[in-house]
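Please open the structure in your viewer and keep the selection tool at hand. This tour moves from one selection to the next and says what is there at each stop.

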Amino acid sequence: MKKSILAALIASCATSTMATEIYSNDTTTVGISGEVDAYFAKADINGDDSDAGVAVWAKVQMDAEQKITDKITAFASFEIEAGSDYRGTDNDASFDDILVGIKTENWGAAVGEVGDLAESLDAIQKDDITNEGNYMGSTSGNTRESGGEGIVVKGTVGPVTLVADVYTDTDTNIDNTFGFSADYQHEYFTIGASYLQGETVLDEDVQLYGASVSTSFSNLYLAATLADFEGFDSFGFYPTDSVVEGYTMGLAASYQINEARLYTTYAFADMDAIEGVDEGDTYNVVIGVDYAVADNILAFVEYQFADADWAIDDSQTIVAGVYYSF
């Protein structure tokens with residue numbers, strides 16, 4: 001699941017309820033927030049077995065807003081975060097999720113690493129509900145978004161959210177990547193569709209289109225995603241030796257019991273090699289439970305299993321963790 005909480009917050013034109021206000025006047029507000037995650041994990045990935053151990057990750061996030069008119073607000077945000085994950089601690093800090101933009105009640109636009117405002121593939125990632133599990137329902141997402149060279153426009157028209165984004169590249173031999181999406185929100189269900197086309201940083205064609213649906217009732221959440229792709233080379237624990245084409249399917253379910261949530265996901269990809277030799281099927285299963293200790297503290301335990309036709313061995317992880325935000 002995407003850790004960043006800013007996406008939902010900017011989308012709703014609100015600042016973080018956890019953020020501490022460090023400066024404000026009649027038109028400008030600056031806030032700071034952060035998160036520290038701790039993990040105890042055991043991993044056996046494609047034949048590479050490791051002992052159980054502790055890892056930590058942290059970030060500090062700065063958010064600023066300034067009223068331009070009664071209806072238009074400028075905003076900016078960035079994070080400084082560690083390079084860790086549950087498989088190891090890396091305390092070298094780097095800047096991440098840097099963006100600046102403008103917004104109103106119903107639309108917004110930003111430049112930079114724009115995923116915290118919106119990206120076109122958000123509409124087909126409704127099955128992305130785990131805490132640390134691999135996401136593969138619509139492949140692994142847009143590989144160009146994290147480069148920080150994006151432009152996005154997002155608007156809401158009644159129950160429909162529309163997103164258009166472009167990811168630029170100064171290399172004259174590499175085409176920009178364009179995306180479009182529409183997401184319909186109903187009282188009992190949502191349905192989204194996305195289209196993405198462009199080139200990778202290695203000058204290889206990329207195309208992805210798909211649809212995702214979800215429904216929620218009586219504390220039960222269900223979602224499904226189906227996507228067709230070309231030009232991707234990463235599928236959970238198993239990269240391919242070159243880009244491939246094929247389709248992915250993702251299923252997700254969760255059930256809320258007071259502060260506890262039980263959840264599971266299943267993702268499957270079938271692919272053909274374009275230039276390399278790695279091809280066939282791969283799948284990824286996650287089963288987990290999390291518990292909201294407080295509004296800002298989430299504890300979880302998660303088991304994951306995956307395999308691929310071209311793999312040396314299957315993969316398993318067991319992760320227990322705590323997310324502490326402030």
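A salt bridge, as the term is used here, is a side-chain nitrogen of Lys or Arg within 4 Å of a carboxyl oxygen of Asp or Glu. What you have open is a predicted model, in which local features need pLDDT of at least 70 and side-chain atom pairs count only at pLDDT 80 or more, while totals for chains, interfaces and linings use all residues. Residues are numbered from 1 along each chain as its sequence is written, and side-chain values use heavy atoms, with hydrogens and water left out.

**First stop: Lys-59 and Glu-79**

A search of the whole structure finds five salt bridges, and the tour visits some of them. Select Lys-59 together with Glu-79, which form a salt bridge whose closest N and O atoms are 3.2 Å apart. Lys-59 belongs to strand E4 (residues 53-67) and Glu-79 to strand E5 (residues 73-81), so the pair ties together parts that are 20 residues apart in sequence. Strands (E, at least two residues) are DSSP runs, numbered from the N terminus. Both Lys-59 and Glu-79 are buried, where buried means under 20% relative accessible area, exposed means over 50%, and partly exposed lies in between (1.4 Å probe, protein chains only).

**Second stop: Lys-103 and Glu-65**

Next, select Lys-103 and Glu-65, a salt bridge in which the closest N and O atoms are 2.7 Å apart. This pair links distant parts of the chain, with Lys-103 in strand E6 (residues 94-103) and Glu-65 in strand E4, 38 residues apart. Lys-103 is buried, at a relative accessible area of 4%, whereas Glu-65 is partly exposed, at 21%.

Now move to Arg-261 and Asp-290, whose side chains meet in a salt bridge of 2.7 Å, N to O. Here too distant parts of the chain are linked, since Arg-261 is in strand E16 (residues 260-273) and Asp-290 in strand E17 (residues 280-294), 29 residues apart. Arg-261 is buried, with a relative accessible area of 12%, and Asp-290 also counts as buried, at 5%.

**Last stop: Thr-177**

Finally, select Thr-177, which lies in strand E11 (residues 177-185). Is Thr-177 buried or exposed? Its relative accessible area is 2%, and Thr-177 is therefore buried. If you show the residues around Thr-177, not counting those up to four places away in sequence, you will find that Thr-177 touches, among others, Arg-144, Asp-165, Tyr-167 and Glu-199; contact means heavy atoms within 4.5 Å. The side chain of Thr-177 also reaches the backbone oxygen of Glu-199 at 3.3 Å.

How values were computed:
Helices (H or I, at least four residues) and strands (E, at least two) are DSSP runs, numbered from the N terminus. A polar contact is a pair of N or O atoms within 3.5 Å; within protein, one must be able to donate a hydrogen and the other to accept it, and residues adjacent in sequence count only if both atoms are side-chain atoms.
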